Amino acid sequence: MTTFFDTVIIGAGAAGMMCAARIGQKGQSVALLDHAAKIGEKIRISGGGRCNFTNRHLNGHDGAPYFVSQQPRFVRHALSRYTSTDFTALLEHHGIPYHEKHKGQLFCDRSAQDIINMLQNECAKGRVQCHTECVIESVEPIQTASAARFELRTNQGRFSCRNLVVATGGLAVPAIGASPFGYELAKQFGHSIIPPEAALVPLRFEHWQQHGFDTLSGIALPVRISTGSGKSAMAFDEDLLFRHKGLSGPAILQISSYWQPGQTLHINLVPDGDLADALCNGKNGQKIQLNTALKTLCPALPERLLDFWLNQADFAPYAAQKWADIPNAVLQKLGNSLNNWTLLPSGSDGHKKAEATRGGVNVKEIDPKTMQ
């Protein structure tokens, strides 16, 4: 027996639920299918459990500058038709409190569960039929003249539909259900796939522990980070987090979407000024030691990081010397090392720790106005 719906949506995440709710509330019959037992898990873990659900900067303006893609203009139509204000109005209608945290980013005051509950309630309002633990065995086009154009065979029976929406997401966080199903389905229907890679992901570095950087685990500080050159150069002012096995924090997560294997990263640990110039021009007549001088000049640098830096072979002999007595060449090298810490990542933590996926279905083959 086959059950017919106007629309079947594969994937009950944020996109799938939102799509199902909007279509259902327009009077169409909708089935929402997901292989997981519990839906909306990526919403639950996003934003540190508070769900960074939109950004004020997208309020009806051109979204292309904020979209990481080789075809950034693809999103213009969609993000102008449904704005951040439209979504916050929906939250306010459901009585969900929220706040702006950083650079226009909006987060729930309480929990990401508020967003999940809201989307489920919106689906219920649209009489969406939600099928969890629904494993799709095949998707085929229907060639005969009928209202249905697709048939899906699943472990819960057969579904047919006029419109099929694939909202299965990327490969990030396989532990909560991410899979390549959507990419395989797209290929089945003739789409080309740009190789999916981890994005918004921590980065790793060779010899990290041998050089002692693991001892800095837990330190966080604001930095300026950049990679690439010329037109492909990207830079961000964000917070950096030292980990036991590499670097993370918003700075690294942002730059990871642009970094390519073999490229170096440049991290300015003292982004407020030219430290080499301050060290060389400010030493005359000073009786304080270099370590004290550096703490004075770099108040935002955590003391544990500063001490580690001065313990490196190039600087350790001078750490306890009078600032005024240290050669300018040493001070220049010290300042440059903090203003332009250059690193070559060996790779990332991969999809297991990524927050998103770059690559995937080539948007050149999708109509940006209809998503067909």
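This is a predicted model: local features need pLDDT of at least 70, side-chain atom pairs count only at pLDDT 80 or more; totals for chains, interfaces and linings use all residues.
Residues are numbered from 1 along each chain as its sequence is written, and side-chain values use heavy atoms, with hydrogens and water left out.

The protein chain has 11 helices and 18 strands; helices (H or I, at least four residues) and strands (E, at least two) are DSSP runs, numbered from the N terminus. Taken along the principal axes, the box filled by the C-alpha atoms is roughly 90 × 40 × 35 Å. Of the 372 residues, 41% count as buried, where buried means under 20% relative accessible area, exposed means over 50%, and partly exposed lies in between (1.4 Å probe, protein chains only). The chain exposes about 19,300 Å², and carbon and sulfur atoms supply 50% of that area. Accessible areas come from the Shrake-Rupley method with a 1.4 Å probe, and for residues only the protein chains shown count as cover. Contact means heavy atoms within 4.5 Å. Among contacts between residues at least 6 apart in sequence, 69% join residues at least 24 apart.

Helix α5 (residues 113-125) packs against helix α1 (residues 14-24) at an angle of about 30°, with the axes 8 Å apart. The axes are lines fitted to C-alpha atoms, for helices over the stretch in contact, and angles run from 0 to 180 degrees between N-to-C directions. That angle makes α1 roughly parallel to α5; angles under 35 degrees count as roughly parallel, over 145 as roughly antiparallel, 65 to 115 as roughly perpendicular and the rest as oblique. The crossing of α1 past α5 is left-handed, a term used if the near helix is turned anticlockwise from the far one by less than a right angle, with right-handed used if clockwise. On the α1 side the contact is made by A14, M17, M18, A20 and A21, and on the α5 side by L119, Q120, E122 and C123. These residues divide into 7 nonpolar, 1 polar and 1 charged. In this classification Ala, Val, Leu, Ile, Met, Phe, Trp, Tyr, Cys and Pro count as nonpolar, Asp, Glu, Lys and Arg as charged, and the others, Gly among them, as polar.

Helix α5 also packs with helix α4 (residues 84-93), at an angle of about 90° and with axes 11 Å apart. The two helices are therefore roughly perpendicular to each other. F87, L90, L91 and H93 of α4 meet I115, M118, E122 and K125 of α5. By class, this contact has 5 nonpolar, 1 polar and 2 charged residues.

T54 is found in strand β3 (residues 52-55) and counts as buried because its relative accessibility is 18%. Leaving aside neighbours within four places in sequence, T54 is in contact with S84, T88, G104, Q105 and L106. F107 is 53 residues from T54 along the chain, and their C-alpha atoms are separated by 7.9 Å.

L290, N291, L294 and K295 of α9 and E303, L306, D307 and L310 of α10 make the contact, which by class has 4 nonpolar, 1 polar and 3 charged residues. S337 is found in helix α11 and, with a relative accessible area of 18%, is buried. Leaving aside neighbours within four places in sequence, S337 is in contact with W309 and F315.

Most residues other than glycine have a negative phi. K103, in the loop between β4 (98-102) and β5 (105-108), has a positive phi near 50°. K103 counts as partly exposed, at 43% relative accessibility. L200 lies in the loop between β10 (193-199) and β11 (203-204) and has a positive phi of about 50° although it is not a glycine. With a relative accessible area of 26%, L200 is partly exposed.
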